[in-house]
Amino acid sequence: MNKYIIVALTIIFYGCSSDIEVDLPKPKNKISVAGFLNTDSVFLHFSQNTFILNQDNWGNVVDIQNISISLKEDENEIPNLERKFLNRGIFRSVYYYTSYKKPEEGKTYTLTVSAPGYPTINSKTYIPFSVPFTLESRVSNPNTNSMEFIVTFNDPADKVNYYMVEFWDLSQIDDLYPLNRVNCNDPLVEETLSTTSWGQPIFSDKSINGKTYSIRFFVNNLSIFTQKYKVRFVSLSEDLYKYFLSMEQWSKTYYDGFGEPVILYQNIMNGVGIFGGYSYKEIEFQNPFYVE
């Protein structure tokens with residue numbers, strides 16, 4: 001008897017099913033921003049945000065035409081932003097805007113962007129002061145070309161500061177991102193940015209404010225073909241710090257169907273994206289595994 005009931009219920013459930021199309025309201029187009037300022041360069045990339053159910057533009061970067069950009073340093077307009085084409089690095093085959101005017105530490109920057117068919121967007125960030133550091137290093141495992149590093153710095157006590165450690169391969173020409181992964185188990189580190197595959201430790205000074213602190217990390221598989229490397233100690237704006245943390249939290253739930261949704265941090269009024277600043281100090285050193 002039970003099997004007949006199951007068969008009957010199956011017929012009822014499947015026999016009565018039908019497809020219903022629902023017209024969901026499409027959100028208005030917004031300007032998406034990837035804006036990064038440091039004391040060496042300006043990188044401003046603008047595109048149209050993509051509606052999740054819009055299959056036409058899914059995965060494609062939609063360039064915005066007839067765009068008007070205002071970038072101010074404190075109250076002074078930065079003139080003559082130049083449009084360039086980028087076909088390498090983390091942003092591939094996109095146009096971006098830059099400036100010959102280098103941003104300065106301690107300055108505030110205001111971004112205003114408008115284009116036909118989009119609401120005008122606004123955002124503000126700053127370039128934090130870079131923090132000097134000393135670097136100690138030693139070979140930790142010659143069999144795996146591994147090294148141990150200790151970065152020591154004096155944390156400024158006037159406000160909350162945000163930091164990141166990067167390890168750069170100077171044989172590479174790509175200046176957009178570091179190419180060696182940093183392994184760090186220091187208790188001060190809040191996240192290690194695995195989303196970028198670069199493994200940069202990121203942390204704040206909330207528990208060491210105004211103190212001298214040393215952070216220890218390791219790098220494995222140094223190339224025998226690279227003569228020099230450099231360690232970069234980065235000071236982040238608060239917005240950039242929060243964006244990186246949210247990006248890492250998002251990555252941890254990306255393949256988890258039962259994970260809580262994570263909204264990426266953003267600071268673009270009337271738009272989406274991130275506009276942040278950073279500065280850094282760096283120290284170069286000779287690679288002990290280098291073979292001429």
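Predicted model: local features only at pLDDT ≥ 70, side-chain atom pairs only at ≥ 80, totals over all residues.
Me: How many helices and strands are in the protein chain?
Reply: The chain has 292 residues, and 42% of them are buried. Its secondary structure comprises 2 helices and 16 strands.

Me: What share of contacts between residues at least 6 apart in sequence join residues at least 24 apart?
Reply: Take the contacts in the protein chain between residues at least 6 apart in sequence. Those joining residues at least 24 apart make up 67%.

Me: Which strand holds S214?
Reply: Look at residues 212-219. That run includes S214, and it is strand 14.

Me: Over how many bridges do strand 10 and strand 14 pair?
Reply: Strand 10 covers residues 146-154. T152 has S214 in strand 14 as its bridge partner. The two strands pair in the antiparallel sense, over 8 bridges.

Me: Is S214 buried, partly exposed or exposed?
Reply: Buried means under 20% relative accessible area, and exposed means over 50%. S214 has 36% relative accessibility, so the label is partly exposed.

Me: Which residues does S214 touch, not counting those up to four places away in sequence?
Reply: I150 is 64 residues from S214 along the chain, yet their C-alpha atoms are separated by 6.3 Å. A contact needs heavy atoms within 4.5 Å. The residues touched are I150, V151, T152 and D186.

Me: What is the length of the polar contact between the side chains of S214 and T152?
Reply: T152 is the bridge partner of S214. Their side chains are also joined by a polar contact, and its length is 2.6 Å.

Me: Where does A157 lie, and is it buried or exposed?
Reply: A157 sits in the loop between strand 10 and strand 11 (162-169). Over 50% relative accessible area means exposed. A157 has 55%, so it counts as exposed.

Me: What is the C-alpha to C-alpha distance between A157 and G210?
Reply: A157 is in contact with N209 and G210, leaving aside neighbours within four places in sequence. A157 and G210 are 53 residues apart in sequence. In space, C-alpha to C-alpha, the distance is 3.9 Å.

Notes
Residues numbered from 1 in each chain as written. Heavy atoms only, no water. Helix = DSSP H or I, 4+ residues; strand = E, 2+ residues; numbered from the N terminus. Buried < 20%, exposed > 50% of the residue type's maximum accessible area, 1.4 Å probe, protein only. Polar contact = N/O pair within 3.5 Å; in protein donor to acceptor, adjacent residues only side chain to side chain. Pairing = 2+ DSSP bridges.
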